[in-house]
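Please examine the model shown below.

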Amino acid sequence: METETITKAPHREEDTAEKLQAGTTTRSRIISGWRKNYIHSRIIFSLIKIAWECYGNLMDVLRGIDYLLRLRKKFIGDFKLKKIAQIDGDYYPYLYGPAYKGSTYKKFMISQLNDFKPVNKEIYRFNNIIVAITKKCALQCDHCFEWESLNKKENLSTAQLIEIVQKLQKQGVSEIQFSGGEPLLKVDRILEILNAADIRSTSFWIDTSGFKFTKENAKLLKTAGLTGVFVSLDHFEPALHNKFRGFKDAFFWAQTAVKNALEQGFVVALSVCITREFASRENLMKYMEMAKNMGVAFVQFLEPKAVGHFYGKDVLLLPEHHELIEEIYTEFNFSSKFLSYPIITYHGYYQRRHGCFSGGYKGFYVDTDGDINPCPFCQKKTGNLLEGELEDTLSSLNRGGCMDYSRFS
Ligand code: SF4
């Protein structure tokens, strides 16, 4: 597979930007300008082709494309796409969505069109499901949503986790994220699950603190078919990240994980929990600078919720914080000033405009006991994946929906 290095002569900033720690290689870059326009036009053309294959009449094709454009507008407003991540030969306009021309791309697009008007083809019922594969963790994070289960006795065997993943794949899911605990503490388990799964029809990701994301583990996971890695990194100051994570080497491991994941050609996203203390323009600018220098393609902004270790604490962000973070989100993603920086995903921004897509509608969370919850931050157990009628459980989950953001039509 072709590998690009940082020693390569830089292109003009508006066309492409590549950056990684000196001495390492990267297969990940952000494209903008004419390169982005070219890929974007290919994406639009392929969508028209897919819509034609689905409906076979011009009226429905035009309405279907219009539906997709309106959906995008509801999420992010009138902004035009400014950049696309190019990783290991694939193109990712968004973090949550398949690579353009990747193995899950066509079916994912057919599934979105199916929401506009049913199509007579195989679809994904869910876009994204998070599955916690272990209760074990070496860290003690301030915001841990699995705090009550952490380091308790495991209730799920590897065989049961394989059964869970196979059941989910039968339902049709475009992306599964393995979380925990710290999934890397059970890397053999992940490899077994991936080995038993259909890695062509679902892309698999890991949510990690970075702990034990060694070079060797990165290579094993890549060979097993993992697509991407979310690395939690909550501060640009190592000491403050370590404090938040209750672990003296947390920053070191996050940095190591990013480097090893990039070298293997994974899609890499930094995930940051923006607390009230952290929510300042200066901090967010410095954070994005760090993310750019690390060479990641995406940054995910999360808001603290009063669950898990934060339960009963006054941690929710206030309207002024939302306003500031949304400003940073739009400036970095949609202005011409930050073309070389990673693309930001900010769930709060979309949820306040369109409601939540999790809660059983397009995704949900399977916790460390195999229980189904609306999402990791809305914990309300609604049946178990290994017991009872899955369809009944999913229907009642969907009826309950997200506890914070109801969905708009
Ligand atoms: S948030 Fe993740 S890394 Fe931190 S203690 Fe909880 S499971 Fe471990």
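Asp 234 and Arg 245 form a salt bridge, and their closest N and O atoms are 2.7 Å apart. A salt bridge is defined here as a side-chain nitrogen of Lys or Arg within 4 Å of a carboxyl oxygen of Asp or Glu. The pair links distant parts of the chain: Asp 234 sits in the loop between strand 10 (228-232) and helix 7 (238-245), while Arg 245 belongs to helix 7, and the two are 11 residues apart. Helices (H or I, at least four residues) and strands (E, at least two) are DSSP runs, numbered from the N terminus. In total, the structure holds 24 salt bridges. Side chains of opposite charge can pair when their charged atoms come close.

The model is predicted: local features need pLDDT of at least 70, side-chain atom pairs count only at pLDDT 80 or more, and totals for chains, interfaces and linings use all residues. Residues are numbered from 1 along each chain as its sequence is written, and side-chain values use heavy atoms, with hydrogens and water left out.

The protein chain is divided into domain 1 (27-116) and domain 2 (126-400), with bounds that come from an automatic or database domain assignment. The C-alpha centres of domain 1 and domain 2 lie 24 Å apart.

How many residues of domain 1 are in contact with domain 2? There are 27 residues on the side of domain 1, and they touch 46 residues of domain 2; contact means heavy atoms within 4.5 Å. Between them, domain 1 and domain 2 bury about 2,900 Å², with 62% of it on carbon and sulfur atoms. Buried area is the accessible area (1.4 Å probe) that two parts lose on being put together, summed over both. Of the area that domain 1 buries against domain 2, Phe 75, Leu 95 and Tyr 96 supply 26%, more than any other three residues.

Charged pairs also occur at this boundary, where the rule finds two salt bridges across the interface of domain 1 and domain 2. Asp 88 forms a salt bridge with Lys 222, the closest N and O atoms being 3.3 Å apart. On the side of domain 1 that touches domain 2, strand 4 (28-31), helix 2 (58-76), strand 5 (84-87) and helix 3 (105-116) each supply at least two residues. Helix 2 gives the largest share of that side, four residues.
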